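Welcome, and thanks for taking a look at this one with us. Below is a short briefing to read alongside the model.

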Amino acid sequence: MRKRLAQIFGFLVSTTGWIFVACTMAMDHWKVAEIGGKGGSNIISIAWYWSNLWKDCFIDSTAVVNCRDFAVLWGVEKYIQGVRGLVMIGLSLGFFGAILAFLGMECTFIGGNDKTKDKVLFIATVFHFVGGLSNCAGYCLYINQIATDTFNPTVTGLQFIPGTPIFLGLVGAFLIMGGAILYAVSILKDIFPKSSTYVYSAMSYVHPKSRNTTIHGKYSNGSRRSRESEGSKISTISKGSVSRTNIGVTSDRDAFV
């Protein structure tokens, strides 16, 4: 029962994480910069500049949005290409991992016997964990670029901060890895059982033929000895009776004489 509950809870947690990650791919405001109002006031902002994986946009005080889509793939900055690749790799692994997890869960009636289902779920666990790490690496790469541009004194211009999709994606990545850990805990004892240690006493091995021969030999020797002892007893008794008979005959003859 605990195994089934752990797998169900892991499936719900990991699926929620994949939904979060997938949503961040289409969300805006991956990084945001605010432009202050009159006199450079930071309290009243009249314009925002934000960017995601696909375009840069500018919103003025009249809520008019002006966007510029990124150029072809090889014309985009390298860190954006890296983030795209890592997140897409994670989503691909998560897709196959979710299917394998559904087949390998104990509460489903497809996927084979229990041993086969445990192996399938173990593969799904690996896919989930590697996919979660890939997503987390993509978001951290984007955050690192923002921090590098912000704290680099040679870079002038707008100061960006991480937006909502970054934090939502990190939460999703941790949920995915948490679900993978729940999967692993539920099948760890079945996949890697504890080895039992047996202590054997030192005993000499006797071949069955020789053992039977020894046993029969003991019995034959014993029976032979018993027959010899019985024979010796009989001979002693017979000698005694013969001697007594001779004594009796001699005494009768002497009395006659």
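A residue is called buried when its relative accessible area is under 20%, exposed when that area is over 50%, and partly exposed in between. Histidine 29 therefore counts as partly exposed, at 32% relative accessibility. Please keep in mind that this is a predicted model. The protein chain has 257 residues, and 27% of them count as buried.

**Overall layout**

- The protein chain contains 5 helices and 5 strands.
- Read from the N terminus, the order of these elements is α-β-β-β-β-α-α-β-α-α.
- Taking contacts between residues at least 6 apart in sequence, 64% join residues at least 24 apart.

**Annotated transmembrane regions**

- An unreviewed UniProt entry carries the annotation "transmembrane region" for residues 7–27, 86–109, 121–144 and 164–185.
- In the model, residues 7–27 are 95% helix and 0% strand, with the end C-alpha atoms 30 Å apart.
- Residues 86–109 are 79% helix and 0% strand, and here the end C-alpha atoms are 34 Å apart.

- Histidine 29 sits in the loop between H1 and strand S1, which spans residues 31–36.
- The phi angle of histidine 29 is near 60°, a positive value in a residue other than glycine.

**Nonpolar cores**

- The largest nonpolar core has 21 residues, and those touching the most other members are Trp30, Leu53, Ile80, Val83, Tyr139, Tyr142 and Ile166.
- Two or more residues of this core come from each of helix H1 (2–26), helix H2 (78–104), H3 and helix H4 (164–191).
- Another core lies apart from it, with 5 residues that include Ala101, Leu121, Tyr183 and Ile187.
- Which residues does tyrosine 139 touch, not counting residues up to four places away in sequence? The list is Val21, Thr24, Trp30, Pro165, Ile166, Gly169 and Leu170.

**A nonpolar patch on the surface**

- Phe122, Ile123, Val126, Val130, Leu188 and Phe192 make up a nonpolar patch on the surface, and together they have about 530 Å² of accessible area.
- Helix H3 (residues 114–151) gives the largest share of the patch, with 4 residues.
- Phenylalanine 122 belongs to helix H3, and its relative accessibility of 34% makes it partly exposed.

**Salt bridges**

- How many salt bridges does a search of the whole structure find? The search finds 2.
- One joins lysine 3 and aspartate 118, whose closest N and O atoms are 3.1 Å apart.
- This pair links distant parts of the chain, with lysine 3 in helix H1 and aspartate 118 in helix H3, 115 residues apart.
- Aspartate 118 is buried, since its relative accessible area is 8%.
- Arginine 68 and aspartate 56 also form a salt bridge, and their closest N and O atoms are 2.9 Å apart.
- Arginine 68 lies in strand S4 (residues 65–69) and aspartate 56 in strand S3 (residues 55–59), so this pair ties together parts 12 residues apart in sequence.
- Is aspartate 56 buried or exposed? At 12% relative accessibility, aspartate 56 counts as buried.

- Serine 186 has its place in helix H4.
- With a relative accessible area of 10%, serine 186 is buried.
- Setting aside neighbours within four places in sequence, serine 186 is in contact with Lys3, Ala6, Gln7 and Leu121.

**Threonine 116**

- Threonine 116 is part of helix H3.
- Its relative accessibility is 35%, so threonine 116 counts as partly exposed.
- Threonine 116 and leucine 103 are 13 residues apart in sequence, and their C-alpha atoms are 9.9 Å apart in space.

Methods
Residues numbered from 1 in each chain as written. Predicted model: local features only at pLDDT ≥ 70, side-chain atom pairs only at ≥ 80, totals over all residues. Heavy atoms only, no water. UniProt positions renumbered as here; feature names shortened; annotations may be inferred. Patch = residues over 30% accessible without salt bridge, like charges linked within 9 Å, V, L, I, M, F, W, Y side chains within 5 Å. Areas by Shrake-Rupley, 256 points an atom, 1.4 Å probe, with all protein chains shown as cover. Salt bridge = Lys/Arg side-chain N within 4 Å of Asp/Glu carboxyl O. Buried < 20%, exposed > 50% of the residue type's maximum accessible area, 1.4 Å probe, protein only. Core = buried A, V, L, I, M, F, W, Y, C linked by side-chain atoms within 4.5 Å. Contact = heavy atoms within 4.5 Å.
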